Amino acid sequence: MEIKINFKENKFVAAKFGKTNGVKGWLSIIIYLTTSSEIDKFSKFYVNKKETNLLFKRTGRKVFCKIEGVNDIDNAKKFVGREVLVDQGELPELKEGQYYYNELLGLNVKLNNKKIGEIIDVQNHGAGDYLTIKREKDEILVPLVNDHVLSIEISKRILNLNPD
């Protein structure tokens, strides 16, 4: 079971700007794709709801990004923490058992055929993906792995948890 990418307004969040790098406007970039090289496959990028030209460079395993027109550290600092979005239409089709984050959000979570909550967030904590499930009085984190999730029925808006 694998999930990918969070959607916003027919666009998806592919990356986020990290810290500035140097004095010429470069920023580190945190890429939310399976591999960092996938970022090069997209033709348009959006930052602050505006189409933006981006230039990428790699140094070892790190990826840095330069925003067209941003040529100094002071202007680059304004973009730290901002999301980089890409058109939803450029997404590849997923294989069986793969889901985009937005498909999981709002699913009713059932345990032994009884609704226990709703998925309100999907996060990756390094070791894998976790679902945040809002219950009546609290929230719980559940790893998105076959040991915990019996089935996902997108068309019925249901995720069934393993009772064991």
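Strand E13 and strand E14 (residues 139-143) pair antiparallel over 5 bridges. The model is predicted. On its other pairing, E13 runs antiparallel to strand E12 (residues 114-124), joined by 6 bridges. The structure also holds 4 salt bridges.

**Thr-132 in E13**
- Thr-132 sits in strand E13, which spans residues 129-134.
- Its bridge partner in E14 is Leu-141.
- Thr-132 has a relative accessible area of 10%, so it counts as buried, the cut-off being under 20%.
- Beyond its neighbours within four places in sequence, Thr-132 contacts Glu-118, Ile-119, Ile-120, Asp-121, Glu-139, Ile-140 and Leu-141.

**Hairpins**
- E12 and E13 form a hairpin with 4 residues between the strands.
- In that hairpin, Gly-126 takes a positive phi near 90°.
- Ile-119 stands opposite Ile-133 in E13.
- E13 and E14 also form a hairpin, with 4 residues between them.

**Salt bridges**
- Asp-40 and Arg-58 meet through their side chains at 3.2 Å, N to O.
- This pair links distant parts of the chain, 18 residues apart: Asp-40 lies in the loop between strands E4 (26-31) and E5 (45-47), Arg-58 in strand E7 (residues 54-59).
- Asp-40 is partly exposed at 45% relative accessible area, and Arg-58 is partly exposed at 36%.
- Arg-135 and Asp-138 form a salt bridge at 2.8 Å, N to O.
- Arg-135 is partly exposed at 32% relative accessibility; Asp-138 is partly exposed at 32%.
- Lys-156 and Glu-153 form a salt bridge at 3.4 Å, N to O.
- Lys-156 is exposed at 56% relative accessibility, whereas Glu-153 is partly exposed at 25%.

Notes: Residues numbered from 1 in each chain as written. Predicted model: local features only at pLDDT ≥ 70, side-chain atom pairs only at ≥ 80, totals over all residues. Heavy atoms only, no water. Helix = DSSP H or I, 4+ residues; strand = E, 2+ residues; numbered from the N terminus. Buried < 20%, exposed > 50% of the residue type's maximum accessible area, 1.4 Å probe, protein only. Contact = heavy atoms within 4.5 Å. Pairing = 2+ DSSP bridges.
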